[in-house]
Amino acid sequence: MLAVLVSMLSMTNYMNERETVQGFWRSRMAALSLSDRLRQTSDYLKRMVHLYAVNGDPVYRQYFDEILAIHNGEAPRPVNYFTTPYRDIVLDIGERPAGESGQTVAIRALANDAGLSPEELAEFAKAEDASNSLATIENEVMDVVDIALVAGDGEYVLEGATLENMLRLHGAEYHAARALVMQPLVELERLVQEQYDTWINGTIGFISQSLFTGYHAIIAAFLLLAASIWQRRR
């Protein structure tokens, strides 16, 4: 009987904690997803500015502006935007894949609503601020390309000022600015792993303790039963 009561108590505790555990798991997954989304967005922007600086095709600045608008919640995010090679498809076929658009919401707003811890949210904010600063540099580079296209009546030659401008994307300033985006994301992912390790260790401890308690409860129940039988036979 005691063993049954212990089992019932353990099950009740599990049911009470299930929602908390599910919420914890969702917030951990959301933190990792947001980190990956910001990293992908930064990579997308980097690719577009490099392509524009090399060949001066205005479509790449259009793509750059579109990526930034989606990131900032100024344009709807296509469905499966981050779960498919969306930008690779666009670059390959020259048009957006058919499909419905999703939310129009800034990535910072998603982070604020995702249940991140204050430390995780702070690291995400650092990375996002650094991404915006990097976009400023990238826009400066593209402005030079714009000027060259106007001066050349649409013709683009990668020499002189435009060559120096393109090389800026390969210099120490640009690499340092990119690092400021990535370093907080690494720290964010470390915090997520740390919280997960703490949670899993606590869960293992809880299970071990429950098994230990249940084991001794069964022994106690058996001894009580044996004592009861012995008393009856006296």
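Reader: Let's begin with Glu187. Buried, exposed or partly exposed?

Author: This is a predicted model. Glu187 is partly exposed, because its relative accessibility is 25% and buried means under 20%.

Reader: What does the Glu187 side chain meet in a salt bridge?

Author: Arg190. The N to O distance is 2.7 Å.

Reader: How far apart are Arg190 and Glu187 in helix H7?

Author: 3 residues, so about one helical turn separates them.

Reader: And which salt bridge does Arg190 form with Glu194, at what distance?

Author: The closest N and O atoms of Arg190 and Glu194 are 3.1 Å apart. These two are 4 residues apart in helix H7, again about one helical turn.

Reader: How accessible are those two?

Author: Arg190 has a relative accessible area of 40% and is partly exposed. Glu194 is partly exposed as well, at 40% relative accessibility.

Reader: Switching topic. What does Glu189 pair with?

Author: Arg39. Their closest N and O atoms are 3.1 Å apart. This pair links distant parts of the chain, 150 residues apart. Glu189 sits in helix H7 (residues 172-233) and Arg39 in helix H1 (residues 2-55).

Reader: Last one. How many salt bridges does the count come to?

Author: The count is 14 salt bridges.

Methods:
Residues numbered from 1 in each chain as written. Predicted model: local features only at pLDDT ≥ 70, side-chain atom pairs only at ≥ 80, totals over all residues. Heavy atoms only, no water. Salt bridge = Lys/Arg side-chain N within 4 Å of Asp/Glu carboxyl O. Buried < 20%, exposed > 50% of the residue type's maximum accessible area, 1.4 Å probe, protein only.
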